[in-house]
Amino acid sequence: MGNNKDIQSVYLLDTDGRVIFAPFEKDVGQHLDNRDAKCMPCHGKPVDQRPGSIVVTDSHGQQVFRSMHPIENAPECKQCHDPDREVLGLLLMDLSMASVQEPLAADLREDVTWGVAAVLVTILMTYGVLSRLVLRRLDKFAPAIQSLHQGRVPLAVTDDTPDEIGRLAAAFNMMTGEVERRSGENAALAEGLRRESLERSQLLKRLITSQEDERQRVARELHDELGQYLSALGLCA
């Protein structure tokens with residue numbers, strides 16, 4: 001276990017937190033203070049709520065999987081140890097997470113890659129379906145709306161499906177039919193107004209001609225009668 005690179009430390013601690021065994025006698029006799037900040041995630045909780053394992057960060061900034069296994073005072077142990085003691089010590093083992101994190105990171109990258117690919121495929125398939133079922137059908141409205149914008153009566157949009165686009169096409173055709181009907185009515189009214197204007201113009205022309213003829217008639221009568229009166233007066237004088 002001491003030669004295993006994934007195992008950073010293996011300590012056998014007594015109840016006071018002193019290392020009494022380690023591979024190659026490393027750190028034997030050292031006292032581990034459970035009041036250290038790194039120990040608080042476990043020792044900061046009540047005894048019955050402390051986890052048996054936890055992931056901590058070592059002094060080099062690497063994540064370590066730490067497992068703690070209490071050594072209970074089993075019946076075969078009580079022959080040498082105090083039988084009133086429930087726990088004789090603790091087996092503490094730190095395992096490096098590097099060998100686990102690298103495959104996890106590779107799996108995560110692979111999952112992300114496949115996830116992105118699946119999302120792209122889904123988007124493309126959705127766009128294809130929308131293009132076929134929606135966008136191509138909506139393209140039929142473009143020339144009709146353009147004709148309506150230019151003041152021309154648009155052609156009917158052919159779409160007999162019972163969905164929203166079909167109902168929209170039916171409503172649009174009804175609207176264009178109403179526009180065509182009103183355009184016809186307006187054209188008929190315009191033609192009627194044109195004829196009335198022409199008739200008024202002709203009537204006015206005839207009226208002016210009549211007035212001119214009447215003025216000329218009156219002028220001739222005045223000229224002829226006045227001349228005769230003056231001639232008669234001259235003879236009488």
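Helices (H or I, at least four residues) and strands (E, at least two) are DSSP runs, numbered from the N terminus. With that in mind, we can begin with helix 4, which covers residues 164-236 and holds both R181 and E185, 4 residues apart, or about one turn of the helix. The model is a predicted one, in which local features need a pLDDT of at least 70, side-chain atom pairs count only at pLDDT 80 or more, and totals for chains, interfaces and linings use all residues. Residues are numbered from 1 along each chain as its sequence is written, and side-chain values use heavy atoms, with hydrogens and water left out.

The overall layout comes next. The protein chain has 4 helices and 5 strands, and from the N terminus on these elements follow the order β-β-α-β-β-β-α-α-α. The confidence of the prediction is expressed as pLDDT, the predictor's confidence in each residue, from 0 to 100. The protein chain averages 79 on this scale, and 86% of the residues score at least 70. Among the elements, strand 2 (residues 19-21) has the highest mean pLDDT, 88, whereas helix 3 (residues 141-149) has the lowest, 72.

How much of the chain is buried? A residue is called buried when its relative accessible area is under 20%, exposed when it is over 50%, and partly exposed in between (1.4 Å probe, protein chains only). Buried residues make up 16% of the 237 residues in the protein chain. The accessible areas themselves come from the Shrake-Rupley method with a 1.4 Å probe, and for residues only the protein chains shown count as cover. The protein chain exposes about 18,500 Å², of which carbon and sulfur atoms supply 60%.

From the surface we can turn to the interior. A nonpolar core is a set of buried Ala, Val, Leu, Ile, Met, Phe, Trp, Tyr and Cys residues joined through side-chain atoms within 4.5 Å. The largest such core has 7 residues, namely Y11, L13, V19, A22, C42, M68 and L92. A second, separate core of 6 residues includes F141, A144, I165 and F172.

Leaving aside neighbours within four places in sequence, M68 is in contact with C42, P51, G52, S53, I54, L90, L91 and L92. S67 lies in strand 4 (residues 63-72) and counts as buried because its relative accessibility is 11%. With neighbours within four places again left aside, S67 is in contact with G52, S53, L91, L92 and M93. For the protein chain as a whole, among contacts between residues at least 6 apart in sequence, 38% join residues at least 24 apart.

Charged side chains give another view of the structure. Side chains of opposite charge can pair when their charged atoms come close. Such a pair is called a salt bridge when a side-chain nitrogen of Lys or Arg is within 4 Å of a carboxyl oxygen of Asp or Glu, and the structure holds 7 salt bridges. E191, R194 and R195 are linked in a network of salt bridges. R18 forms a salt bridge with D14, with 3.3 Å between the closest N and O atoms; here R18 is partly exposed at 37% relative accessibility, whereas D14 is buried at 16%.

Where on the surface do L108, V112, V116, V119, L120 and I123 belong? They form a nonpolar patch, with about 540 Å² of accessible area together. Patches are made of residues with over 30% relative accessible area and no salt bridge, like charges being joined within 9 Å and nonpolar side chains (Val, Leu, Ile, Met, Phe, Trp, Tyr) within 5 Å. V112, one of the patch residues, is found in helix 2 (residues 98-138) and is partly exposed, with a relative accessible area of 45%.

Methods
Contact means heavy atoms within 4.5 Å.
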